[in-house]
Amino acid sequence: MHIEHIDEHFNNRNVTEMNSDYYLVGIEDYPTDNWGRFKRVIKRSFRGELFVGLWVVMREMIRFDIHTVKYPEEKMPIGPRYRAIHQMKRLWESDAERCIGCGLCEKICISNCIRIETKLDASSRKEVSEYSINLGRCIFCGYCAEVCPELAITHGGEYENASDQREHFTMYQDMLTPLDMMRAGTQLEFEGFGSITPHEDERVKKTPLAY
Amino acid sequence: MEMAYLIETVIKIVVILLIFSALAGIGTYFERKVLAFMQRRLGPMNVGPFGLLQVAADGVKLFTKEDIVPTNVVARVFKIAPVITAATAFMAAAAIPFLPSFTLFGYEVHPIVADVNIGILYILGIMGVGLYGPLLAGMASANKFSLLSAARGAAVFISYEVITGLSILAPIMMVGSLSLIDFNAYQAGGITSWILWSQPVAFVLFWIAAFAETGRTPFHLIANDHEIIDGFGTEYSGMRWGLFFIGEYANMFFISFVISIIFLGGYGDGSFLGALGLLGKVAFFFFFFLWTRAAWPDVRPDQLMWLCWKVLMPIAVLNILITAIVMM
């Protein structure tokens with residue numbers, strides 16, 4: 001049924017058929033004799049379309065409804081799922097970095113711009129010793145943020161990242177949430193796909209101790 | 001020749017040159033602002049209050065830019081072409097009475113450089129010479145777009161010279177003089193004695209032709225950006241290109257003065273109010289040039305020629321005939 005419907009709308013483009021959505025725009029035939037051409041000239045000359053155009057732009061000038069965004073001072077709001085410079089998040093509980101060094105982001109990165117090196121620390125836990133994103137190569141596809149199991153790497157809204165040094169495009173420290181921001185409790189959580197919904201902790205089932 | 005007359009004339013020339021070069025710059029500012037407002041934009045805003053100093057910034061940029069003369073151009077012609085455009089525009093101003101005569105420090109000043117008795121003929125002739133600017137620039141540029149623009153320029157200028165001349169002939173027959181001051185005196189009786197009321201057809205024809213003569217938007221074919229880049233100006237840079245620009249805008253101001261004086265009574269009886277009135281009319285005509293640029297599309301070159309030879313010229317000739325019959 002559904003396919004038939006689509007079929008009807010996409011294949012029945014014959015304007016002569018009844019019940020068709022397509023119709024001819026009403027264009028008069030071109031005049032063939034000189035008298036007809038002369039009449040067309042007179043009609044076009046005195047129809048006053050030129051004055052309609054003049055009035056429209058004058059109306060806009062008087063109305064003064066300016067649509068300009070004065071960019072460096074004003075900025076357009078961007079959506080929470082906008083994919084600009086990455087942010088590395090910290091844990092709310094301990095201020096430690098959320099990244100567990102699983103390397104999924106490095107693996108999935110299609111432009112090969114993420115480089116991650118890990119080692120085992122003194123207590124045999126995995127520790128990220130080197131993490132860099134070459135933003136000069138990054139195409140901001142968002143796969144790294146999507147694949148991250150810990151919501152440790154997300155995209156932020158910072159899109160003004162012009163620089164005259166390529167090295168500036170790889171700074172991990174710039175992407176990591178600063179500690180004073182954590183203390184002030186102002187780390188912004190990613191609100192897009194895969195993020196934790198509000199009141200998530202009320203629905204968490206604790207692992208029974210019997211295990 | 002008296003020394004005082006000579007000094008007075010030189011001072012007038014310098015004042016006109018300075019004022020209209022500056023006005024050409026400010027004209028670009030107004031053009032950008034008016035176009036922006038009509039398209040719901042703000043226009044220049046950052047240099048100075050409301051972007052007013054944008055003109056100065058542009059001027060500095062033009063003057064300090066490298067002056068490039070490309071390899072294959074005919075250098076001598078290439079260099080002199082922009083000077084022709086600017087010079088003819090300002091030469092035409094010599095026969096235009098910009099204001100009524102006034103007394104300054106007990107000395108009567110006539111704000112016209114040379115009140116020649118063939119003023120209109122002189123202005124039309126000099127504007128005809130102005131054709132050589134785009135024509136020589138386009139032919140010397142070694143660029144096919146420039147060449148196209150030169151050919152279009154020659155066709156448009158020569159065709160619309162006819163309309164300008166014929167349309168203005170009927171008012172000349174009524175006034176019986178070619179001096180713009182006589183035209184002004186003929187209409188000194190106030191708004192009812194304007195030639196606009198007795199020669200409305202000539203007014204409209206002259207106005208249409210003015211758009212072609214200055215190369216403004218409905219007939220902006222000589223430098224039609226989307227077809228032939230900047231036309232004859234494509235290969236120019238720096239102040240040479242700036243001279244074309246100054247010439248174009250000065251021409252717009254001067255043709256606005258000419259329309260206002262011939263058809264709309266000029267400065268009337270010569271009072272202060274009359275002088276203000278003349279400036280107001282000129283401002284309106286200049287604004288109309290910008291207004292149409294925001295509102296109207298360009299016509300095709302063949303339509304332009306069609307309009308000139310098959311519509312406007314017959315109407316102009318008929319207008320002269322009817323005027324002659326009525327005057328007899």
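Me: How many helices and strands does chain B have?

Reply: Helices (H or I, at least four residues) and strands (E, at least two) are DSSP runs, numbered from the N terminus. Chain B has 13 helices and two strands. This is a predicted model, where local features need pLDDT of at least 70, side-chain atom pairs count only at pLDDT 80 or more, and totals for chains, interfaces and linings use all residues. Residues are numbered from 1 along each chain as its sequence is written, while chains are lettered from A and ligands numbered from 1 in the order in which they are written.

Me: What radius of gyration does chain B have?

Reply: The radius is taken over C-alpha atoms, and the globule rule is 2.2 Å times the number of residues to the power 0.38. For 328 residues a compact globule would come near 20 Å, and chain B agrees, with 20 Å. Its C-alpha atoms fill a box of roughly 60 × 55 × 50 Å along the principal axes.

Me: Which helix of chain B gives the most to the side that touches chain A?

Reply: Two residues are in contact if their C-beta atoms, placed from the backbone, lie within 7 Å. Chain B puts nine residues into the contact and chain A 11 residues. On the chain B side, α1 (3-38) and α12 (272-295) each supply at least two residues; α12(B) gives the most, with three residues.

Me: How many bridges join β2 and β3 of chain A?

Reply: Strands pair if DSSP finds at least two bridges between them. In chain A, β2 (residues 114-120) and β3 (residues 126-133) are antiparallel over seven bridges. A:I114 stands opposite A:I133 in β3(A).
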